[in-house]
Amino acid sequence: MENFLYFTPTKVLFGKGTEEQAGTLVKEQNCKKVLVHYGSKSAVKSGLLDRVFRSLEVAGISYVSLGGVVPNPRLSKVYEGIELCRKEEVDFILAVGGGSVIDSAKAIGYGIANKCDVWDLFTGKQTPTGCLPIGVILTIAAAGSEMSNSCVITNEEGWLKRACNTDYGRCKFAIMNPELTYSLPQYQTQSGCADILMHTMERYFSTGKTMELTDGFSEVLMKTVIRNAKILMEDPSNYDARAEIMWAGSISHNGLTGCGTTGGDWAPHQLEHELGGMFDVTHGAGLAAVWGSWARYVYKTSESRFAQFAVNVLGVPNNFNDTNKTALEGIKVMEDFYRSIGMPISIRELGVEATDEQIHELAYKCSFQNTRTIGRFQILKMEDMEEIFKMAR
């Protein structure tokens with residue numbers, strides 16, 4: 001078991017009708033003015049925003065609002081939010097939405113708290129020293145941003161998708177009502193499930209010593225998501241399945257499934273970030289599209305780990321006398337699962353016909369112009385990244 005630090009300061013309020021308590025939770029933060037940050041018109045049409053505004057008014061909290069966040073949230077919207085917050089003297093941000101809205105809110109918070117161009121925090125030119133406090137009303141189970149330290153933003157200049165991960169960006173509270181996810185399109189629901197799975201799979205595939213208890217948490221979480229994703233394909237309004245998925249999304253990315261490990265691989269995420277930046281694909285779907293190719297490229301680094309995943313998570317018959325066969329069968333079964341929930345297992349199935357030049361550019365950007373490697377399970381150079389993209393095409 002590796003040494004680890006586990007830090008999860010986010011207060012969680014989970015269940016039906018919990019969004020009605022938004023004003024109370026915001027008031028606990030002793031703030032003077034709130035930015036209510038949201039995405040599409042669905043938050044307006046559903047009446048959710050009106051309920052949030054009413055809750056803030058009852059609590060005596062002043063607020064302004066800013067909508068228009070899109071998937072793969074844009075730097076331009078972050079700049080707009082920073083300008084609005086400074087003008088209105090906002091001291092708290094309430095994100096109403098999924099990972100894109102939360103990440104946009106975090107980036108705005110970083111922009112207010114740090115005296116530099118916020119993009120410099122995402123390129124590593126500057127290091128964050130703080131973040132405006134953030135609260136969340138979650139409407140999409142996927143990214144886990146409500147309890148994680150991560151934040152990912154896309155810069156339209158060059159279409160670069162980059163992350164800024166610090167504990168300053170951890171949310172003060174997260175309100176989670178599974179009923180708020182009922183209206184999601186099936187593709188978005190299942191993309192979320194793929195994203196949730198990958199947050200634990202990234203941590204699970206480790207070549208170092210592992211912690212038995214953490215492995216147990218991880219395997220049960222992944223089996224739970226797989227089982228309930230299938231239920232939601234048939235019954236999208238199943239509250240219990242929605243609740244299991246929503247809570248799994250938070251647990252999968254709050255650090256618990258990485259305790260005692262070497263910290264996770266994260267190569268599939270890095271590969272997908274370039275797909276998302278260049279082609280604006282849905283994050284979870286992009287992860288599903290590249291995972292099988294990554295897995296086949298690296299599995300021999302630890303066939304036993306892939307075989308354990310196949311048996312303990314996917315129910316592949318225990319055939320450890322031939323770990324190679326078991327590992328490869330597990331990769332195939334995982335891809336079969338993705339197909340069963342409408343997820344792609346190739347870049348082409350994402351609707352993208354990538355040219356050789358684009359494949360090369362994806363690898364070039366992912367390697368930061370051939371200046372870095374990615375991955376821990378197996379370290380990948382630029383040429384490895386290019387090969388995986390080719391395999392995934």
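Me: Is Phe 205 buried or exposed?
Reply: Phe 205 counts as buried, because its relative accessibility is 1%. Buried means under 20% relative accessible area, exposed over 50%, and partly exposed in between, with a 1.4 Å probe and protein chains only. This is a predicted model: local features need pLDDT of at least 70, side-chain atom pairs count only at pLDDT 80 or more, and totals for chains, interfaces and linings use all residues. Residues are numbered from 1 along each chain as its sequence is written, and side-chain values use heavy atoms, with hydrogens and water left out.

Me: How many aromatic pairs are there?
Reply: A search of the whole structure gives 19 aromatic pairs. Rings of Phe, Tyr and Trp (its six-membered ring) pair if their centres lie within 6.5 Å; planes under 30 degrees apart count as stacked, over 60 as edge-to-face and the rest as tilted.

Me: What kind of pair do Phe 205 and Phe 309 make?
Reply: Their ring planes are at 65 degrees and their centres 5.2 Å apart, so the pair is edge-to-face. It links distant parts of the chain, 104 residues apart: Phe 205 is in the loop between α7 (186-204) and α8 (212-234), and Phe 309 is in helix α12 (residues 303-312). Helices (H or I, at least four residues) and strands (E, at least two) are DSSP runs, numbered from the N terminus.

Me: And Phe 309, buried or exposed?
Reply: Phe 309 counts as buried, because its relative accessibility is 1%.

Me: Which residues form the aromatic cluster with them?
Reply: The cluster includes Tyr 204, Trp 291 and Phe 377 along with Phe 205 and Phe 309.

Me: What lies over the face of Tyr 204?
Reply: Arg 305, at 3.9 Å from the ring centre. A charge sits over a ring if NZ of Lys or CZ of Arg is within 6 Å of the ring centre and within 35 degrees of the ring normal.

Me: New topic. What is the strand order in the open sheet?
Reply: Six strands run in the order β1-β8-β5-β4-β2-β3, with parallel pairing. Two strands pair if DSSP finds at least two bridges between them. The edge strands, β1 (11-14) and β3 (62-66), each pair on one side only.

Me: How many bridges join β4 and β5?
Reply: Five bridges, in the parallel sense, between β4 (residues 92-97) and β5 (residues 134-138). Ala 95 has Val 136 in β5 as its bridge partner.
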